[in-house]
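Reader: I've got the model open and want to check the labels against their cut-offs. Can you walk me through them?

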Amino acid sequence: MFDGEVVVAGHICLDVIPVFPPEGGGAVQPGTLVRVGPARFAPGGAVANVGMALSRLGCPPRLVGKVGADQFGATLLDLLRAQDARLADGMAVLPGETTSYSVVINPPGIDRTFLHCPGANDTFGAAELADLDWAGVRLLHFGYPPLMARIAADDGAELVALLAAARAHGVTTVLDMAWPDPASALGRLDWGTLLRHCLPQVDCFMPSIEEVRFMLGGARDAAPWTVAEVDALAERCLAFGVAVVAIKLGDQGLYLRTTTDAARLAAAGEALAAANDWRGRHLWAPCFAATVAGTTGAGDATIAGFIMGMLAGVDPTTALTGAVAVGACSVAATDASSGIPAWGAVQARIRAGWERLPLRATPPHWQWHAAPGIWCGPHDHEEDHS
């Protein structure tokens with residue numbers, strides 16, 4: 001299914017995940033010793049998380065990333081091969097560079113924290129995809145430029161070049177972000193300017209609410225977001241030239257806003273070539289019920305589910321439903337992808353009446369459509385597609 005039709009490029013690292021006992025979360029405080037279980041090693045970063053999720057769903061992608069010729073790099077490649085030998089084929093191994101790694105502190109009931117070394121991701125540039133054979137590729141997903149120094153430099157000049165090259169081959173481009181260390185040079189970049197430069201070359205932009213509010217408003221606090229704020233941020237992204245904005249809202253689901261410009265959608269590449277039902281949509285999909293073992297990579301799994309929907313040519317309500325369903329599967333395991341079954345099994349669980357979680361508050365002026373389990377916003381143009 002869709003074999004080789006997706007390229008996943010960008011940030012990759014080795015996740016080191018200490019396993020916490022169920023009662024251990026509340027004890028994580030400065031100056032204390034916290035007893036944990038054995039550490040798990042798992043591929044992490046956008047390339048691994050989205051790539052392995054797609055592979056498990058039945059869409060083996062081509063992965064493009066960089067690792068060092070070191071022990072962490074060897075372990076990372078072995079873990080990719082353990083799932084599918086082809087997943088390591090596009091990875092570059094660089095002597096003298098350091099493999100990126102993250103220590104994932106993910107106690108029960110507390111949002112995760114990362115200790116991160118960017119390593120070889122900092123030298124990733126547009127040249128890494130210069131010799132890629134685009135034949136048969138329908139979609140490029142690029143992830144985590146805020147953790148990649150070279151790709152983000154000069155207001156994202158190399159990221160713009162990379163995305164433009166893909167679109168020149170008729171490839172649909174998908175871009176995800178990450179939360180930079182605010183004390184780092186990357187955290188101090190003018191991300192609003194970078195987005196203005198990059199988003200005209202992005203067909204589908206999939207940040208989290210925290211990432212996009214920081215990049216467009218500079219907010220670094222944990223103040224609750226509002227529906228009006230999400231709407232305003234999505235409108236700004238559309239004004240920059242992107243065709244589809246899908247904002248990840250954590251346990252509150254996935255929000256979608258799409259352009260009303262039919263010509264922009266028509267130029268959105270192979271995966272959205274027949275995208276008439278996507279014009280002028282304003283939708284919100286709540287999460288599915290799940291027993292949460294860990295949230296690492298849940299956003300990336302959600303992206304993988306959304307990509308599967310786009311490749312299948314479904315309408316946006318179906319794509320959103322599949323996206324949050326794959327995200328719910330992901331959190332059933334402590335790593336990013338091992339809880340994800342084949343796409344057919346995900347769809348069967350949805351058809352069987354999988355319970356949806358209620359939102360904390362009903363969004364004002366939105367309408368609930370029970371059959372697909374989707375909220376339709378006041379700017380949704382569904383009636384234009386009947």
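Reader: Why are H1 and H2 called roughly parallel to each other?

Author: The axes of H1 (residues 45–57) and H2 (residues 71–83) come within 10 Å and cross at roughly 15°. Angles under 35 degrees count as roughly parallel, so H1 and H2 get that label. The axes are lines fitted to C-alpha atoms over the stretch in contact, with angles from 0 to 180 degrees between N-to-C directions. Helices here are DSSP runs of H or I, at least four residues, and strands are runs of E, at least two.

Reader: Which residues make the contact?

Author: Ala-48, Met-52, Ser-55 and Arg-56 of H1, with Leu-79, Leu-80 and Gln-83 of H2; contact means heavy atoms within 4.5 Å.

Author: One caveat: this is a predicted model, where local features need pLDDT of at least 70, side-chain atom pairs count only at pLDDT 80 or more, and totals for chains, interfaces and linings use all residues. Residues are numbered from 1 along each chain as its sequence is written, and side-chain values use heavy atoms, leaving out hydrogens and water.

Reader: What makes Thr-296 count as buried?

Author: Its relative accessibility is 2%, and buried means under 20% (exposed is over 50%, partly exposed in between, with a 1.4 Å probe and protein chains only). So Thr-296 counts as buried. Thr-296 is found in the loop between strand E14 (282–285) and helix H8 (298–312). Beyond neighbours within four places in sequence, Thr-296 is in contact with residues including Asp-15, Arg-112 and Asp-335.

Terms used. Parallel < 35°, antiparallel > 145°, perpendicular 65-115°, else oblique.
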